[in-house]
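Grab a pencil and work through these exercises with the structure open beside you. Try each task on your own before you read its solution.

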Amino acid sequence: MMGVPRREILIVDDCESDRQAIEQALRTDRSCRYHFHQAATGAQALEMVRQANGTIDLIILDWHLPDITGIEFARSLRGTSQIPPYPIVLLTTSGSPSIAQEALLAGVQDFFTKSMVHADILPLVTRNAMERFRLIQRLVRSERDAREAKVRAEDANRAKSIFLTSMSHELRTPLTAVLGLAELLLDDPHACDARQMLEMIQSNGQHLAELLNDILDLAKIEAGHSDIKLLPCEPLRIIYELCTLLRFRAADEGIDLRLEFHGALPAKITTDAVRLRQIMMNLISNAIKFTKGGTIDVIVSFEEKAYTQLLRFDVIDTGIGISRDNQQAIFQPFVQVGDKGNFRSGVGLGLAISRSLALALGGDLSVVSELGKGSTFTLTVRANEANTIGVMSPEYYQRNQSPPTGQSRPDDFDWHTRRILVAEDTRANQFLIRRMLEPSSVRLDFVDNGQRAVAEVIKESKGPMPYDLVLMDMQMPVQSGYDATRQLRALGMNVPIIALTAAAMEGDRERCLGAGCNNYLSKPIARKELFAAVSQVFHQSVAAH
């Protein structure tokens with residue numbers, strides 16, 4: 001019969017005639033096709049349920065079996081769950097209310113006497129039992145989902161509390177130094193240790209900037225936006241230059257930092273060079289931090305696993321080590337290794353971020369460590385697009401140094417003839433930018449909102465010396481930097497505009513460029529970066545003419 005549902009029915013009764021009577025009563029039901037399974041004992045029925053693997057639609061169960069009661073069968077089937085996995089109809093020779101109540105508490109959907117096994121009653125009872133079971137299942141799922149949602153909410157609240165507690169500590173510690181030292185300098189600007197205090201202010205400010213970058217990275221990763229850019233790069237050159245940079249810091253701590261290339265290695269792979277450098281910087285810096293004298297070996301090798309090529313980086317130190325029980329905890333946010341290899345609360349975002357980035361690069365980050373003897377952190381990154389595989393050594397990169405970057409070149413323009421309009425609403429930042437650029441003798445004007453910036457650019461464009469550059473804060477009162485830039489471009493003003501913004505999340509750079517800016521600098525502003533960006537604009541203007 002087309003469209004008629006098929007039901008798998010398990011009849012559990014030690015009396016064969018009763019089993020046959022149940023079958024005959026159900027076969028008269030033309031709204032459904034039945035396929036019957038029979039068992040004479042509770043043990044036999046439980047085994048049949050196990051082998052059925054979820055295909056049974058209904059169990060019709062005799063209350064009194066040779067080896068077990070129907071109530072005990074239902075409880076055994078239910079286990080630790082709130083309801084049994086299948087609807088159950090319990091049959092008995094008497095309609096005792098106490099038995100009926102006990103049966104319902106055990107998870108049985110219906111209860112009636114064998115005298116009621118008739119063709120006009122039993123099909124209706126079975127349909128009602130199955131529908132009631134579906135309703136109870138939905139109710140149980142809803143209650144479970146509600147409990148799980150409550151647990152997730154409580155976990156989220158705990159995580160938020162941990163985050164706020166950790167951030168409060170990590171922010172207040174360097175802020176205490178910055179504000180306290182600044183107060184001391186205000187009281188005595190010519191103190192004999194003024195330079196030392198200024199250096200400490202700068203160091204703690206850099207720590208705050210790094211902390212903010214870590215928080216932003218973690219937020220991007222948790223939002224599913226790791227900002228990974230896969231491009232061809234030279235991983236061996238990256239690790240050579242990084243070890244060269246960090247070797248001096250290691251030497252200051254009495255540590256011998258060594259780099260080795262093992263076996264044939266690819267000269268180039270397709271990965272995110274910035275993220276690879278970030279991960280390795282974190283691993284080697286941690287090794288230096290927790291190694292008091294001794295050695296750190298960075299070993300690069302190449303391996304193939306299940307059609308996947310991986311570039312492997314091992315960072316092996318002779319430091320304090322990590323206890324076995326805590327070796328996975330270090331990859332959780334806000335956990336740090338302590339002085340004895342155990343753990344203490346802290347910001348501890350570096351390894352959590354590094355592992356997430358490693359996974360995004362098609363690899364992983366793991367650790368093997370022995371307390372008191374040292375640790376080995378292993379980073380792998382996918383290298384399926386590797387080419388030019390051969391035996392190489394770090395000395396190759398020593399002989400073939402990359403061209404120096406970031407070095408100044410002779411200026412082909414006069415700074416004192418150039419004009420810059422700075423649109424920035426914060427007086428402290430206006431002061432900072434003025435002091436940073438004053439040594440160049442460039443001519444500076446300041447406005448404190450986007451509307452004034454537009455008016456000033458338009459006014460000066462009609463004079464003999466229009467602005468050569470606008471430094472535009474993107475978040476200002478009256479009119480934002482975004483709107484001011486769009487308005488200037490709509491009016492045909494082609495003056496170069498560099499965005500200055502405290503926004504540093506994924507998409508912020510694209511938003512600034514999309515508004516019409518030529519370049520983008522995120523706050524806090526570094527003097528070298530500011531000079532490089534301004535110089536680039538001025539050099540380009542000379543080249544264009």
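Two residues are in contact, or touch, when heavy atoms of theirs lie within 4.5 Å. Before you start, know that this is a predicted model, where local features need pLDDT of at least 70, side-chain atom pairs count only at pLDDT 80 or more, and totals for chains, interfaces and linings use all residues. Residues are numbered from 1 along each chain as its sequence is written, and side-chain values use heavy atoms, with hydrogens and water left out.

**Exercise 1. Find the neighbors of I201.**

Which residues does I201 touch, not counting residues up to four places away in sequence?

*Solution.* Start with the place: I201 sits in helix α6, residues 194-222. (Helices are DSSP runs of H or I with at least four residues, strands are runs of E with at least two, and both are numbered from the N terminus.) Next, list the contacts: V178, L181, A182 and L185. Finally, compare sequence with space: A177 is 24 residues away from I201 along the chain, and their C-alphas are 6.8 Å apart.

**Exercise 2. Describe helix α7.**

How many residues does α7 have, and where does it bend?

*Solution.* Step one: α7 covers residues 235-252, which makes 18 residues. Step two: its first and last C-alphas are 26 Å apart, close to the expected 26 Å; the expected span is 1.5 Å times one less than the number of residues. Step three: there's a bend of about 35° at L246, taken as the angle between axes fitted to the seven residues ending there and the seven starting there. Step four: look just past the helix, where G254 has a positive phi of about 75°.

**Exercise 3. Look inside.**

Which residues of the largest nonpolar core touch the most other members?

*Solution.* First, the terms. Buried means under 20% relative accessible area, exposed means over 50%, and partly exposed is in between (1.4 Å probe, protein chains only). A nonpolar core is a set of buried Ala, Val, Leu, Ile, Met, Phe, Trp, Tyr and Cys residues joined through side-chain atoms within 4.5 Å. Now the answer: in this core of 46 residues, they are I239, M280, I284 and L379. The biggest share of the core comes from α7, with eight residues. A second, separate core has 24 residues, including L10, A39, V49 and F73. Back in α7, the buried residues include I238, I239, L242 and L246. As for L379, its contacts beyond four places in sequence include L276, M280, F313 and L365.

**Exercise 4. Check the confidence.**

What is the mean pLDDT of the protein?

*Solution.* pLDDT is the predictor's confidence in each residue, from 0 to 100. The mean is 84, and 88% of residues reach 70 or more.
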